Amino acid sequence: MSDIDRAALTNAALMYVHYCEREGCQGWGSWGNTPSPAVATRWWCFEHFPHKSNEQEQALKRKLEAAERGDMAQ
Ligand SMILES: [Zn+2]
């Protein structure tokens, strides 16, 4: 067997694209969660990720409040 026998790679490798699954959200789904390896992973942006720890929830709240204050100052 040699490399010549192999079929050429004609299709681009599929990129694994996963945006936030919340309807209407254009955020990148960087936060995934799956109850088991047999179940497909679901993805959300940080804001919509439903499995945040209390600490993460507080951090997001502070971030959103800061953004709100920033908007009002303009
Ligand atoms: Zn989202």
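User: Cysteine 20 first: is it buried or exposed?
Analyst: Cysteine 20 is buried in this predicted model, with a relative accessible area of 7%. That value counts as buried because the cut-off is under 20% relative accessible area.

User: What spacing do the donors follow along the chain?
Analyst: The donors of the zinc ion are spaced as C-x4-C-x19-C-x2-H. Within that set, cysteine 20 and cysteine 45 are 25 residues apart and link distant parts of the chain. Cysteine 20 sits in the segment before β1 (31–33), whereas cysteine 45 belongs to the loop between β2 (42–44) and α1 (54–73).

User: Is cysteine 45 buried or exposed, then?
Analyst: Cysteine 45 is buried, at a relative accessible area of 11%.

User: What does cysteine 45 contact?
Analyst: Setting aside neighbours within four places in sequence, cysteine 45 is in contact with Cys20, Cys25, Gly27, Trp28, Gly29 and Trp31. Two of these, Cys20 and Cys25, are also protein donors of the zinc ion.

User: Where is histidine 48?
Analyst: Histidine 48 is located in the loop between β2 and α1. With a relative accessible area of 17%, histidine 48 is buried. Apart from neighbours within four places in sequence, its contacts are Cys20, Arg22 and Cys25.

User: Which residues make up the largest nonpolar core?
Analyst: The largest nonpolar core has five residues: Cys20, Cys25, Trp44, Cys45 and Phe49.

User: Stepping back, how many helices and strands does the protein chain have?
Analyst: The protein chain has one helix and two strands, in the order β-β-α from the N terminus on.

User: What share of the protein chain is buried?
Analyst: Of the 74 residues in the protein chain, 16% are buried. The protein chain exposes about 6600 Å², and 54% of that area comes from carbon and sulfur atoms. As for contacts between residues at least 6 apart in sequence, 14% join residues at least 24 apart.

User: Back to the segment before β1. What does glycine 29 touch?
Analyst: Beyond residues up to four places away in sequence, glycine 29 touches His18, Tyr19, Cys20, Trp43, Trp44 and Cys45. Glycine 29 counts as buried, at 0% relative accessibility. Its C-alpha atom is separated by 8.6 Å from that of arginine 42, which is 13 residues away along the chain.

User: And serine 30, what does that one touch?
Analyst: Serine 30 touches Trp43 and Trp44, with residues up to four places away in sequence not counted. Serine 30 also lies in the segment before β1, and is partly exposed at a relative accessible area of 45%. Between serine 30 and histidine 18, twelve residues apart in sequence, the C-alpha to C-alpha distance is 8.0 Å.

User: Changing topic: where is threonine 34?
Analyst: Threonine 34 is in the loop between β1 and β2. At 30% relative accessibility, threonine 34 is partly exposed.

User: What lies 2.7 Å from a polar atom of its side chain?
Analyst: The backbone oxygen of serine 36 lies 2.7 Å from a polar atom of the threonine 34 side chain. The backbone oxygen of valine 39 likewise lies 2.7 Å from a polar atom of that side chain. Both pairs fall inside the cut-off of 3.5 Å and therefore count as polar contacts.

Note on methods. Residues are numbered from 1 along each chain as its sequence is written. This is a predicted model: local features need pLDDT of at least 70, side-chain atom pairs count only at pLDDT 80 or more; totals for chains, interfaces and linings use all residues. Side-chain values use heavy atoms; hydrogens and water are left out. Donors are N, O and S atoms within 2.8 Å of the metal (3.2 Å for Na, K and Ca); water is not among the atoms, so sites may look incomplete. Helices (H or I, at least four residues) and strands (E, at least two) are DSSP runs, numbered from the N terminus. Buried means under 20% relative accessible area, exposed over 50%, partly exposed in between (1.4 Å probe, protein chains only). A polar contact is a pair of N or O atoms within 3.5 Å; within protein, one must be able to donate a hydrogen and the other to accept it, and residues adjacent in sequence count only if both atoms are side-chain atoms. A nonpolar core is a set of buried Ala, Val, Leu, Ile, Met, Phe, Trp, Tyr and Cys residues joined through side-chain atoms within 4.5 Å. Contact means heavy atoms within 4.5 Å. Accessible areas come from the Shrake-Rupley method with a 1.4 Å probe; for residues, only the protein chains shown count as cover.
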